[in-house]
Amino acid sequence: MAPLTRSRAIDNIPNKLMETYYQQRATAGLIITEGTSPSPNGIGYPRIPGAYSDAQIEGWKNVANAVHAKGGKIFVQLMHTGRITAKANLPEGSITLAPSAIQAAGEMFTDQDGMVAHEIPKAMTLQEIKSTQDEFVLASKRLINEANVDGIELHAANGYLLNQFINPKSNQREDLYGESIENRSRFVLEIAEKVANEIGGSKVGVRLSPYGAFNDLQSHYDDIEDTFIYLSQELSKLNLSYIHIVDQRVAFGAPDFTTDIKKSIKENFKGTIISGGDVNSIEKGEAIINSGLDLVYVGRPFISNPDFVEKLQNNLELKSPDADTFYSPGEQGYTDY
Ligand code: PHB
């Protein structure tokens, strides 16, 4: 089950309703949770969960227990939203950080004021780079040791903070973290290494979105293929569990890929490769496996079909989800399918 933002975490704390939601979907096999911020600075969306307070860690522990009780496995996705944010969504005292002080085009939803422009971010100092990396390490450690989750996924896709470093449109730094492939990859690779050292590489996955343009990034740039090959090679050295490639052509309307980037990533990474996009049948899943990749993600169908696996096994019709309740608070369109 792919990560899906559902915005049910009132006060950014995983709750009983979320326990029910994830437990209902435990037969997915591996659940990768919705984006969860390792820092108060990374809570860009309304009602998304965090993993930086005691109450949040306790909440994740209850969710993990509920999934484990039904035989499922659960990785918590760590998503720091960086410049994709609005002040009203951040806890008091937080700051909007990004590699460079470049505002993202587009708007962010807030419960207070509806749609508002994204915040203008502050370009991170070297000290803020280090302290943000430390937040990822601490959240990972607590999720594994205290909340008993099975692993964590670093969200380096879809235009959030880690992706903002990789992409030249949002990263115009001239120091060790900008310009060259090695430098734009450094923030992500340092976090992956520090987290793997703390909890073990086998408990760490990374999500990437090559050729993605979502959240005002540049889809194509000169060294894009080499960038993702370099990332794959370096992540491979860390013995990570998986690379999770989100195919933005499907859910986010990205332009077509100009190279066989999924194959290039697979050839340069020794762990598992997960990919998908629009998989709602056994045939579509098998096509991804037959293309040489290892695991298939399924996102939106899981919103309206908690028993997605049983439905495919028994050839039962899938229900369509109601987009109006994707991000609304409460159980409607969440635990009532
Ligand atoms: C969203 O909430 O719309 C969202 C969050 C994380 C993603 C993509 C979309 O990776």
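Predicted model: local features only at pLDDT ≥ 70, side-chain atom pairs only at ≥ 80, totals over all residues.
**Ground rules.** I number residues from 1 along each chain as its sequence is written. Local features need pLDDT of at least 70 and side-chain atom pairs pLDDT 80 or more, while totals for chains, interfaces and linings use all residues, and side-chain values use heavy atoms, with hydrogens and water left out.

**Around the ligand.** I found Thr5, Tyr45, Met79, His155, Asn158, Tyr160, Phe214, Phe252 and Tyr327. By class, I noted 6 nonpolar, 3 polar and no charged residues in this shell. Here Met, Phe and Tyr count as nonpolar, and Asp, Glu, Lys and Arg as charged.

**Polar contacts.** I then checked for pairs of N or O atoms within 3.5 Å. A ligand oxygen is 2.5 Å from a side-chain N or O atom of Asn158. For His155 I read 2.7 Å, and for Thr5 3.1 Å, again to an oxygen atom of the ligand. How much of the ligand does the protein bury? The protein buries 85% of the 280 Å² that the ligand exposes when taken alone (Shrake-Rupley method, 1.4 Å probe).

**Aromatic rings.** I found 11 aromatic pairs in the structure (ring centres within 6.5 Å; planes under 30 degrees apart are stacked, over 60 edge-to-face, the rest tilted). Phe165 and Phe187 are stacked, because their ring centres are 4.1 Å apart and their planes at 20°. Phe165 is in helix α4 (residues 161-166) and Phe187 in helix α5 (residues 181-199), so this pair ties together parts 22 residues apart in sequence. Helices here are DSSP runs (H or I) of at least four residues.

How values were computed
Near = heavy atom within 4 Å. Polar contact = N/O pair within 3.5 Å; in protein donor to acceptor, adjacent residues only side chain to side chain. Phe/Tyr/Trp six-rings, centres within 6.5 Å; stacked < 30°, edge-to-face > 60°. Helix = DSSP H or I, 4+ residues; strand = E, 2+ residues; numbered from the N terminus.
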